Amino acid sequence: MGGRWSRLSAPSKPAAQQADLRKLWQLLTRELTLPSHAEFAGATPGAGASDPDEPLLPWAVFQDLFSDEWNGPIVKRVFDVLDYTRRGAITADEFVVGLHPLTPAGRISDRLRFVFRCLDLDDSQSISREELLVWLRVCASSDAVREQMPFTPEQLEQARPIWHA
C-alpha cells in the first residue's frame with residue numbers, strides 16, 4: 001500500500017493529546033514482555049526505529065488485547081492502519097500518530113481518512129459494497145451495537161441480493 005493513504009498527517013499542536021496517547025501506550029505495554037526492534041523477526045533495521053530497544057507491539061499481542069469473537073476484522077484492520085511500516089508490529093510513534101485523529105485535537109479530515117482506511121479493507125482507495133457489508137455484519141454482531149441497530153444480522157443477509165442489483 002502506498003500513495004496518499006499510506007500515512008496519516010503528523011499530529012498538529014496539542015502535545016497534551018500526544019502525551020495522553022503515550023501514557024495509554026505505556027499502560028498497555030507495561031505488563032507485557034514485548035520484543036524490541038532488534039529482537040523482532042519482522043523488523044527492518046532503521047524502519048521507523050528511533051531506538052532499537054524500543055518495544056514493538058506485534059499483531060498477536062494486539063489481537064489478544066483487543067480482539068474477541070465479533071470484532072476480529074475491525075481489530076485487524078485498525079492494526080494494519082496503525083502499522084504503516086508493514087513490519088507486523090507497531091511502535092509507540094505509530095500508535096500515537098495513528099490514533100491522534102481520534103483525539104479531541106484531531107482534525108476532521110484526518111478522522112475521516114482514518115475511518116475510510118479502516119473501511120477500505122483491500123487498500124483499493126475505495127469502499128466496495130462487499131467491504132461495507134463486512135463492516136455492517138461485524139457491527140450487527142456486537143451486543144452493544146445490536147441494541148441500537150434497526151436490523152438483525154439475519155435481515156442484513158436477506159438484504160444481500162439488493163446490494164448486487
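Author: We start with the ground rules, then take rings, a helix and the core.

Author: This is a predicted model, in which local features need pLDDT of at least 70, side-chain atom pairs count only at pLDDT 80 or more, and totals for chains, interfaces and linings use all residues. Residues are numbered from 1 along each chain as its sequence is written, and side-chain values use heavy atoms, with hydrogens and water left out.

Reader: How many aromatic pairs does the structure hold?

Author: Rings of Phe, Tyr and Trp (its six-membered ring) pair if their centres lie within 6.5 Å; planes under 30 degrees apart are stacked, over 60 edge-to-face, and the rest tilted. The structure holds five such pairs. In one of them, the ring centres of W25 and F95 are 5.4 Å apart and the planes meet at 50°, so this pair is tilted.

Reader: Which parts does the pair of W25 and F95 tie together?

Author: Helices (H or I, at least four residues) and strands (E, at least two) are DSSP runs, numbered from the N terminus. W25 lies in helix α1 (residues 15-29) and F95 in helix α4 (residues 92-99), so the pair links parts 70 residues apart in sequence.

Reader: Are W25 and F95 buried or exposed?

Author: Buried means under 20% relative accessible area, exposed over 50%, and partly exposed in between (1.4 Å probe, protein chains only). W25 is buried at 5%. F95 is buried at 2%.

Reader: What about the rings of F62 and F66?

Author: Their centres are 4.8 Å apart and their planes at 50°, so that pair is tilted. F62 and F66 are four residues apart in helix α2 (residues 59-66), about one helical turn. F62 is buried, at 5% relative accessible area, whereas F66 is partly exposed at 35%.

Reader: How covered is α4?

Author: Seven of its eight residues are buried. Contact means heavy atoms within 4.5 Å. The buried residues of α4 pack against α1, α3 (72-82), β2 (89-90) and α5 (108-119).

Reader: Which residues have the most contacts inside the largest nonpolar core?

Author: A nonpolar core is a set of buried Ala, Val, Leu, Ile, Met, Phe, Trp, Tyr and Cys residues joined through side-chain atoms within 4.5 Å. The largest has 21 residues, and F62, V78, L82, I90 and F114 have the most contacts inside it. α3 gives the most to this core, with six residues. Leaving aside neighbours within four places in sequence, F62 touches residues including V78, L82 and I90.
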